[in-house]
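This report goes through a predicted model.

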Amino acid sequence: RSSSAWTQDKIIKTPYNNIEIPNATLYDYVWQNLEKWPEKTMSVCSETGRGYTYEQAFNLSNAFAANLRLKLKIRDGDTVAVMLPNVPDFPLVAMGILGAGGVISTVNPIYTAHEVHRQLLLSAAKVVITMPETMGVVKEALKIAKLDIPIIVIKTNGDPTPEGALCFNELSEDTHVDKSCLKDVRRTPKDISFMPYSSGTTGMPKGVELSHRNLIANFEQMNDINIKNHSDTTATHQDAVMAVLPFFHIYGASAIMFHKMSVGAKIVTMAKFHPEKYLEALKKFKIDVLYVAPPMLLLMGAHPAGTSETYQYLKSVINGAAPLADSDMRRFLNKVKQEFDFRQAYGLTETSPLVLMPPVGVNNLSTVGYPVSNTEAKVVDENLNNLGPNETGELLVRGPQVMIGYRENPTANSEVFTEDRWFRTGDLVFADDQGQITITDRLKELIKVKGFQVPPAELEAVLRDHPAVIDAAVIGVPHPTKGEAPKAFVVLKSGQKAEANEIKEFVKEKVAPFKKIDEIVFVNSIPKSAAGKILRKDLKAQYS
Ligand code: 4UV
């Protein structure tokens with residue numbers, strides 16, 4: 001790698017191979033090698049051992065797809081909302097939706113009805129798939145949204161199907177369904193396949209339209225930098241990957257679920273992160289391929305139950321989603337005795353997600369490396385002027401994995417795309433002479449709690465709904481275990497009184513637990529620009 005990584009006009013080129021992107025749909029791509037490993041386990045629950053082989057998953061998800069078209073009237077391009085924890089059935093649901101020509105839109109299963117209703121409305125979902133446990137939340141969300149769409153639940157035990165729901169198991173185990181209807185599905189690589197949510201650089205969560213081609217490009221980019229992990233599936237070998245990072249988020253969905261299905265790995269699911277069970281599962285299932293976010297690595301380094309024996313099978317560990325402290329990384333690395341591949345990767349929901357990654361054998365472990373295949377990067381100042389080596393500015397990227405755009409949101413799209421389709425990441429970085437990139441800070445307002453998105457605008461809207469509150473602003477402040485935590489600044493209406501605890505409780509009822517506000521500060525006014533934008537930088541400088 002030479003300094004030729006930088007072009008004359010200060011664009012950072014990829015040092016990796018130029019790759020061909022297969023002209024396929026996500027469905028065809030994922031199943032393309034199926035005949036090589038039909039009897040291998042595709043997904044298995046780490047706690048119950050319930051799971052599916054590749055062949056079972058293929059057959060069941062196709063029957064489900066046919067029923068989505070015949071019984072639920074799903075047509076090409078229709079959105080199906082998936083509100084599920086990491087259960088072994090998740091990949092079947094996803095492939096069934098794709099097989100039916102639908103678009104998968106994922107919802108965090110711990111969301112409140114308030115959060116779910118907004119996402120269902122935004123995505124114009126035609127059907128919702130969930131667990132019996134979260135059926136109540138979905139019903140409540142549909143009521144708030146004034147929507148009447150079918151709910152499908154997955155049953156993991158012999159309990160009767162909840163009233164008012166259809167049963168996934170019946171729809172997928174239906175051996176009589178006429179699968180010939182699937183021949184009518186017309187999807188091209190340019191169509192949307194997957195639509196997770198992200199708040200992007202500013203504002204409320206938005207539907208991120210990822211095409212079949214976006215995701216397939218990213219899988220090929222992953223393969224090029226040897227995330228294929230490591231070794232191919234053969235008669236005598238199959239990589240086992242831990243799936244505790246949620247499938248509803250791009251990291252779990254793309255890098256773990258879809259990509260690992262395409263290479264025939266064993267996907268070991270864990271529905272809820274539990275430290276001891278997680279560490280136990282690493283050993284029990286001989287996990288050799290592991291994706292983590294910083295809080296997990298922190299735990300793995302610090303927990304007494306996490307020993308060199310626990311980590312003996314690891315061949316490859318990839319960290320992403322939030323900045324990782326050097327000391328946390330070292331503590332974990334010291335516990336691993338065998339040679340293994342540890343790399344940081346950088347990505348976003350909007351980029352399918354992977355955009356930057358170092359090659360195998362990287363020495364500097366705090367860098368996120370280089371633009372992956374077919375990807376360009378540049379660093380710019382506030383006026384979008386290109387900066388050179390070792391100058392800090394915003395990272396812009398361009399490549400085949402960059403989203404089509406935010407759903408029905410031309411304003412947000414015009415903010416994140418430049419005229420020549422560079423995508424603005426909202427992250428502050430610098431690149432060295434070789435083009436190797438280090439993330440230094442987040443420019444955008446997004447807060448990341450344990451790697452999960454917490455959009456300040458969403459919390460501010462909830463705060464302003466409180467009867468005693470007239471204005472509010474939320475920023476992220478450093479937190480020792482979560483990375484960041486939301487801190488709120490609240491202006492009360494004149495003559496009104498409210499306790500911080502009472503306001504915190506009010507917010508807690510409307511949002512998922514990880515978004516809850518850590519600290520509230522009462523202020524007389526919120527600093528704003530002439531255009532009315534909250535000056536978060538000022539708040540950060542003053543209070544963080
Ligand atoms: O949109 P999002 O929630 O997306 C993600 C995706 C993470 C990854 C990372 C590597 C992979 O290989 C992969 O499959 C998925 O988190 O949030 C995007 C923002 O998260 C921060 C950064 O602020 C992004 O704009 N972020 C992501 N990766 C890193 C990071 C990282 N390695 N270091 C620091 N910040």
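How many disulfides does the count come to?

## Cysteines

The count comes to zero disulfides. A disulfide is a covalent bond between the sulfur atoms of two cysteines, and the rule applied here asks for two such atoms within 2.5 Å.

Two cysteines show how the rule works out. For C45, the closest cysteine sulfur is that of C167, and at 18 Å it is too far away for a bond. The closest cysteine sulfur to that of C181 also belongs to C167; the separation is 19 Å, again too far for a bond. C45 has a relative accessible area of 14% and is buried. C181 is buried as well, with a relative accessibility of 11%.

## Ligand site

The ligand is surrounded by 21 residues, and the closest are A345, T349, D427, K444 and K448. By class, this shell consists of twelve nonpolar, five polar and four charged residues.

In D427, a polar side-chain atom is 2.5 Å from a ligand oxygen. The side chain of H249 has an N or O atom 2.7 Å from an oxygen atom of the ligand. Taken alone, the ligand exposes 660 Å², of which the protein buries 98%. Two elements, α8 (250-262) and β16, each give two or more residues to the shell. Helix α8 provides the largest share, with three residues.

## The sheet containing β16

Strand β16 also belongs to an open sheet of three strands, in the order β16-β17-β18, with antiparallel pairing. The edges are taken by β16 (346-347) and β18 (370-371); each has a single partner strand, so one side of each lacks a neighbour in the sheet.

Strand β17, residues 354-357, is joined to β18 by two bridges, and the two run antiparallel. Here M357 is opposite Y370 of β18.

## Strands β19 and β20

Strands of a sheet pair through backbone hydrogen bonds, either parallel or antiparallel. Between β19 and β20 (residues 393-398) there are five bridges, and these strands run antiparallel. Within this pair, A377 faces V397 of β20.

Why is β19 described as largely enclosed by the rest of the structure? The strand spans residues 376-380, and four of its five residues are buried, so the rest of the structure largely encloses it. Buried here means under 20% relative accessible area.

Note on methods
Residues are numbered from 1 along each chain as its sequence is written. This is a predicted model: local features need pLDDT of at least 70, side-chain atom pairs count only at pLDDT 80 or more; totals for chains, interfaces and linings use all residues. Side-chain values use heavy atoms; hydrogens and water are left out. Buried means under 20% relative accessible area, exposed over 50%, partly exposed in between (1.4 Å probe, protein chains only). Two strands pair if DSSP finds at least two bridges between them. A residue is near a molecule or strand if one of its heavy atoms lies within 4 Å of it. A polar contact is a pair of N or O atoms within 3.5 Å; within protein, one must be able to donate a hydrogen and the other to accept it, and residues adjacent in sequence count only if both atoms are side-chain atoms. Accessible areas come from the Shrake-Rupley method with a 1.4 Å probe; for residues, only the protein chains shown count as cover. Ala, Val, Leu, Ile, Met, Phe, Trp, Tyr, Cys and Pro count as nonpolar, Asp, Glu, Lys and Arg as charged, and the others, Gly among them, as polar.
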